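This report is written for a reader who meets the structure for the first time. It begins with the pairing of strands and moves on to the residues packed around them.

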Amino acid sequence: VDSEQKALQNIENIIAEAPARVIFTTFSTHADRYEYVNSIAKKYGRPVYAIGSNLDFSLTARNIQVHSTYTIPHNDMEKNAILFVTGSQAEPESALMRALWNDDKARFALESSDTVIISSDPIPANGIEEEVCKMVKGLLTVVKDVFINEDAPDYFPAVAKRRKIHASGHGKRQDLEWMMDALRPKTVIPIHADLQKRTALAEIAEEKGLKALLLEEGQTVEL
């Protein structure tokens, strides 16, 4: 909680000092963070636009009211606007990447006075870190400031500004132990991580006296 509060405060400080538009991206599921930034936008009199289909569910679920760029051309956006965009992991068809590469389907154009806040860490798998690094390098050739989380890999561009602007939502060991104690599942099947992390979770489950299964991709199990 303290880490998230520190990240949110730093995000507010960046927004307060930004001279023009702010391009904000994080994981689409971080509804709390979007809600907070939306409240900060109101505090500083900045209109907010959402760009990217994956944001729709997250914003709608929390009833976060923003403008739609489907109805307002990017040339008509206020110069102090905040843009919520997809693309924190450099997804090729995300709103931020389309804008960076001047794609025909881009729904906004980057401007040199923009401040970009990437409020996430790159997922350390499948070359995503390298792709995010390329994106940051590309952004720095176009916009004034690019803020990345302080824990970003060391090989990221030195001119990118590092701040504490992201706190991981992944549970730590004590969180996982608490979940197992609360739920007392018959079987624990670790998924959605590399083998090392899945094995570690299985070992925690076994220490708790629970049955754990490590499955290979495509493998089925009958419970």
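In this predicted model, strand β2, which covers residues 48-51, is joined to β3 by 2 bridges, and the two strands run parallel. Within this pairing, Y49 stands opposite H67 in β3. Strand β2 is also joined to β4, here by 4 bridges and again with the strands running parallel, and I51 stands opposite V85 of β4. Strand β4 in turn pairs with β1 in the parallel sense, over 3 bridges, where V22 stands opposite I82 of β4.

| Strand pair | Bridges | Sense | Residues standing opposite |
|---|---|---|---|
| β2 and β3 | 2 bridges | parallel | Y49 and H67 |
| β2 and β4 | 4 bridges | parallel | I51 and V85 |
| β1 and β4 | 3 bridges | parallel | V22 and I82 |

These pairings belong to an open sheet of 7 strands with parallel pairing, whose order is β3-β2-β4-β1-β5-β6-β7. The edge strands are β3, at residues 67-68, and β7, at residues 161-163, each of which pairs on one side only. In the protein as a whole, the secondary structure comes to 7 helices and 9 strands.

The structure holds 4 aromatic pairs. In one of them, the rings of F24 and Y34 have their centres 5.8 Å apart and their planes at 85°, and because an angle over 60 degrees counts as edge-to-face, this pair is edge-to-face. The pair links distant parts of the chain, with F24 in strand β1 (residues 22-25) and Y34 in helix α2 (residues 31-43), 10 residues apart. Are these two residues buried or exposed? F24 has a relative accessible area of 0% and is therefore buried, and Y34, with a relative accessible area of 0%, is buried as well.

Helix α2 also holds N38, which counts as buried because its relative accessibility is 7%, below the cut-off of 20%. Leaving aside residues up to four places away in sequence, N38 touches V48, I64, Q65, V66 and F84.

Some values describe the protein as a whole. Its C-alpha atoms fill a box of roughly 60 × 30 × 30 Å along the principal axes, and buried residues make up 43% of its 223 residues. Among contacts between residues at least 6 apart in sequence, 69% join residues at least 24 apart. The protein exposes about 12800 Å², of which carbon and sulfur atoms supply 51%. As for charge, the protein has 26 positive and 33 negative charges, and their mean positions are 3 Å apart.

Terms used:
Residues numbered from 1 in each chain as written. Predicted model: local features only at pLDDT ≥ 70, side-chain atom pairs only at ≥ 80, totals over all residues. Heavy atoms only, no water. Phe/Tyr/Trp six-rings, centres within 6.5 Å; stacked < 30°, edge-to-face > 60°. Buried < 20%, exposed > 50% of the residue type's maximum accessible area, 1.4 Å probe, protein only. Contact = heavy atoms within 4.5 Å. Areas by Shrake-Rupley, 256 points an atom, 1.4 Å probe, with all protein chains shown as cover. Lys, Arg positive; Asp, Glu negative; His and termini not counted. Charge placed at Lys NZ, Arg CZ, Asp CG, Glu CD. Pairing = 2+ DSSP bridges.
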